[in-house]
Amino acid sequence: MKIIVSTLLLAFVLTGCISTPKTALYNGKEVGTYSAAAGCSTLGLDEDCSMSGCTRKIAIDGINLRIGGGKGGTVVFIMSMPTFIPDQPAIQRGGLAVQNYLESKGVHIIETKVMYSNDTLAGVHFTLDQDGYSLLKELTVK
């Protein structure tokens, strides 16, 4: 019983330590945020997503990323390759590269949000005006 109570107390304390502001600065704009605790369903992802995050590996402009998609390809979530510690510069550069790539293909971003907790950018979430995820899947690497 002590172990269960201790585990629940630890979970409560750790959850309270995650700080997610309602907005964050991303590429010079204030955007909405998701907590690092957000899962696939919260992010609207039903493809290439697991409990550990995005599962499809892509390379764009020499940047290795992981992506997941949903809602007929109109939702895209981008994470860096490392699974435990987000590579914030890779996410920043990768988000811009993905945005430029999609716009060059005629796909427009309707909304941008970021996964942001404790001053750490963990991912970028795009809502698109049409299926852009299929285009990104063409950039898959092993």
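Q: How much space lies in the second largest pocket?
A: About 160 Å³. Bear in mind that this is a predicted model.

Q: Which residues line the second largest pocket?
A: Tyr 26, Asn 27, Lys 29, Glu 30, Val 31, Gln 99, Glu 103, Ile 109 and Thr 112.

Q: Which elements give two or more residues to that lining?
A: Strand S2 (29-34), H3 and S8. The largest share, three residues, comes from S2.

Q: And by class, what does the lining of the second largest pocket have?
A: Three nonpolar, three polar and three charged residues.

Q: Now the largest pocket. How much space lies in it?
A: About 510 Å³. Its lining has 27 residues. By class, 18 are nonpolar, eight polar and one charged.

Q: Which lining residues lie nearest the centre of the largest pocket?
A: Ala 36, Ser 52, Gly 53, Met 79 and Met 115.

Q: Which elements supply at least two residues each there?
A: Helix H2 (40-43), strand S3 (49-50), strand S4 (53-54), S7, S8 and S9.

Q: Switching to packing. How many residues has the largest nonpolar core?
A: The count is 27. Val 98, Leu 102, Val 114 and Leu 136 have the most contacts inside this core. Elements giving two or more residues include strand S1 (23-26), strand S5 (56-60), helix H3 (88-104) and helix H4 (133-137). H3 gives the most, with six residues.

Q: What does Leu 136 touch, sequence neighbours aside?
A: Beyond four places in sequence, Leu 136 touches Ile 58, Ile 67, Val 76, Val 98, Tyr 101 and Leu 102. Another core, of 10 residues, lies apart from the largest one. Among its members are Tyr 34, Cys 40, Val 75 and Met 79.

Q: Cys 40 brings us to cysteines. How many disulfides does a search of the whole structure find?
A: One. Cys 40 is joined to Cys 49, S to S 2.0 Å. The link is left-handed, with -90° about the S-S bond.

Q: Are those two cysteines buried or exposed?
A: Cys 40 has a relative accessible area of 18%, so it counts as buried, under the 20% cut-off. Cys 49 is partly exposed, at 24%.

Q: And where is the nearest cysteine sulfur to Cys 54?
A: That of Cys 49 is 5.5 Å away. Cys 54 is in no disulfide, because a pair needs its sulfur atoms within 2.5 Å. Cys 54 is buried, with a relative accessible area of 3%.

Methods:
Residues numbered from 1 in each chain as written. Predicted model: local features only at pLDDT ≥ 70, side-chain atom pairs only at ≥ 80, totals over all residues. Heavy atoms only, no water. Core = buried A, V, L, I, M, F, W, Y, C linked by side-chain atoms within 4.5 Å. Buried < 20%, exposed > 50% of the residue type's maximum accessible area, 1.4 Å probe, protein only. Helix = DSSP H or I, 4+ residues; strand = E, 2+ residues; numbered from the N terminus. Contact = heavy atoms within 4.5 Å. 1 Å grid on protein atoms, 1.4 Å probe; cavity = no way out; pocket = protein on both sides within 12 Å on 5 of 7 lines; lining within 4 Å. Points joined across faces, edges and corners; volume = space filled by probe spheres on them. Nonpolar A, V, L, I, M, F, W, Y, C, P; charged D, E, K, R; others polar.
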